[in-house]
Amino acid sequence: MEQEWPLWEVFIRSKNGLHHKHVGSLHATDAAMALTNARDVYTRRNEGVSIWVVPSTAIVASDPGTAEAYFEPAADKVYRHPTFFEVPDAVKHM
Amino acid sequence: MVPYLLQLADNALILGHRLSEWCGHAPELETDIALANLALDLTGQARSLYQHAAELEGEGRTEDDLAYLRDASAFRHVLLVEQPNQDFAYTIVRQFIFDHFQHLLYTELLRSKDDWLRDFAARVIKEVRYHLPFSTSWLVRLGDGTPLSHQKTEQALTDLWPFSKELFHASPADLEAAHLGIGPDLDWMARLFEDATGPDLISAGLTPPTTDWFPKGGKTGIHSEHLGPLLAEMQFLPRAYPGCSW
């Protein structure tokens with residue numbers, strides 16, 4: 001019966017020099033259609049200068065169940081942030 | 001000049017309205033948005049053309065007067081664009097024919113002797129360069145798809161292809177524009193159209209009908225029975241509430 005089109009993840013670069021950012025997903029039968037669908041769905045209001053589309057199945061995601069083990073230990077390690085250095089006056093743009 | 005501009009504008013407005021009828025009804029969400037984008041591009045083209053035509057006309061009419069307060073017999077678009085959507089295959093075939101036509105037309109208008117038309121063509125041809133691959137890829141996908149999609153697309157092509165000939169059947173406004181060097185020679189464009197559409201139709205596995213007969217009259221205000229209901233819906237608001245704003 002009715003089969004759903006495969007899912008794609010869409011990444012848009014909003015300006016030259018900036019990185020591509022995930023903006024959402026969409027359905028399309030193939031890569032070419034995914035690109036035009038992304039253009040139509042996500043760049044109608046001047047949002048971008050470049051689009052990447054990636055099959056959702058190609059994305060390997062971390063398991064929410066492992067979040068505790070993966071991310072929480074970093075929370076109490078302030079010394080990993082370089083906030084204890086005195087910045088010399090001569091250094092600009094830090 | 002004004003009749004020529006109205007022809008271009010009416011083609012864009014009426015097809016834009018037809019496409020807008022898909023809004024909320026297209027086969028897929030993504031396709032729905034794509035068709036709405038197309039509709040908005042065409043409506044935008046029509047607005048620019050009406051504004052310019054109204055200015056040249058100098059009778060105090062506005063773009064809205066031209067779009068919403070003219071009766072069916074005053075519209076100068078080709079019969080193709082008022083044909084009903086029927087199904088997605090019909091809509092794609094109609095769009096394929098029209099996009100090829102506009103692509104050739106605006107390419108020619110880049111060399112128009114009229115400054116305004118040249119600038120306009122340079123701006124909107126960028127839109128058409130997106131529209132054409134869109135409708136062509138769908139034509140190939142449907143024509144070269146399943147037996148059912150092929151059959152529906154072939155049927156749509158059989159029914160709509162004759163309408164394509166009216167695009168190249170010169171009206172008095174077309175002849176005047178060509179004579180003044182502001183518009184293209186339509187006989188020449190008809191040959192370009194054949195060359196441009198041929199390979200796409202082959203890729204789609206479709207054969208256009210070979211009949212010489214074709215429906216015409218749109219460019220001189222003689223329209224099919226489909227225009228009345230379309231205008232009734234499109235013009236309802238400004239006619240029922242003259243001068244209303246929000």
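Helices, of at least four residues, and strands, of at least two, are DSSP runs, numbered from the N terminus. With that convention, the elements of chain B run α-α-α-α-α-α-α-α-α-α-α from the N terminus on. The structure is a predicted model with a chain A of two helices and three strands and a chain B of 11 helices and zero strands. The points below treat each chain in turn and then the contact between them.

**Chain A: overall form**

- Read along the sequence, the elements of chain A follow the pattern β-β-α-β-α.
- The radius of gyration of chain A is 20 Å, whereas the globule rule gives 12 Å for 94 residues; chain A is therefore more spread out than a compact globule.
- Taken along the principal axes, the box filled by the C-alpha atoms of chain A is roughly 65 × 35 × 20 Å.

**Chain A: the sheet**

- An open sheet of chain A is formed by three strands in the order S2-S1-S3, and the pairing is antiparallel.
- Its edge strands are S2 and S3 of chain A, the latter covering residues 50-55, and each of these two pairs on one side only.
- Neighbouring strands of the sheet are turned against each other by 25° on average, direction ignored.
- Strand S1 of chain A (residues 7-13) and strand S2 of chain A (residues 20-27) are joined by seven bridges in the antiparallel sense.
- Two residue pairs illustrate this pairing: Phe11(A) has His22(A) in S2(A) as its bridge partner, and Arg13(A) stands opposite His20(A) in S2(A).
- As background, side chains in a regular strand alternate between the two faces of the sheet.
- Six residues lie between the strands in the hairpin of S1(A) and S2(A), where Gly17(A) takes a positive phi near 100°.
- Helix H1 of chain A (residues 31-42) lies across S1, S2 and S3 of chain A and runs at about 130° to S3(A).

**Chain B: overall form**

- The C-alpha trace of chain B spans about 55 × 40 × 30 Å along its principal axes.

**Chain B: how its helices pack**

- Two packed helices are described by the angle between their axes and the distance between the axes.
- Helix H5 of chain B (residues 88-109) and helix H9 of chain B (residues 186-203) have axes that come within 10 Å and cross at roughly 130°.
- The crossing in which H5(B) passes H9(B) is right-handed.
- On the H5(B) side of this contact are His100(B), Phe101(B), Leu104(B) and Glu108(B), which meet Met189(B), Leu192(B), Phe193(B), Ala196(B) and Thr197(B) in H9(B). By class, the residues of the contact of H5(B) with H9(B) are six nonpolar, two polar and one charged.
- The axes of H5(B) and H6(B) come within 7 Å and cross at roughly 150°. The pair therefore counts as roughly antiparallel, since the angle is over 145 degrees.
- H5(B) passes H6(B) in a left-handed crossing, and the residues of their contact divide into 15 nonpolar, eight polar and two charged.
- H6(B) also packs with helix H7 of chain B (residues 147-164), at an angle of about 125° and with the axes 7 Å apart. This angle makes H6(B) oblique to H7(B).
- Leu139(B), Leu142(B) and Gly143(B) in H6(B) meet Ser149(B), His150(B) and Thr153(B) in H7(B). The contact of H6(B) with H7(B) has two nonpolar, four polar and no charged residues.

**Where the two chains meet**

- Seven residues of chain B are in contact with 10 residues of chain A.
- On the side of chain B that touches chain A, helix H2 (29-57) and helix H6 (115-143) of chain B each supply at least two residues. The largest share of that side, four residues, comes from H2(B).
- By class, the side of chain B that touches chain A comprises three nonpolar, two polar and two charged residues.

Conventions: Residues are numbered from 1 along each chain as its sequence is written. Chains are lettered from A and ligands numbered from 1 in the order in which they are written. This is a predicted model: local features need pLDDT of at least 70, side-chain atom pairs count only at pLDDT 80 or more; totals for chains, interfaces and linings use all residues. Two residues are in contact if their C-beta atoms, placed from the backbone, lie within 7 Å. Ala, Val, Leu, Ile, Met, Phe, Trp, Tyr, Cys and Pro count as nonpolar, Asp, Glu, Lys and Arg as charged, and the others, Gly among them, as polar. Two strands pair if DSSP finds at least two bridges between them. Axes are lines fitted to C-alpha atoms, for helices over the stretch in contact, and angles run from 0 to 180 degrees between N-to-C directions. A crossing is left-handed if the near helix is turned anticlockwise from the far one by less than a right angle, and right-handed if clockwise. Angles under 35 degrees count as roughly parallel, over 145 as roughly antiparallel, 65 to 115 as roughly perpendicular and the rest as oblique. The radius of gyration is taken over C-alpha atoms; the globule rule is 2.2 Å times the number of residues to the power 0.38.
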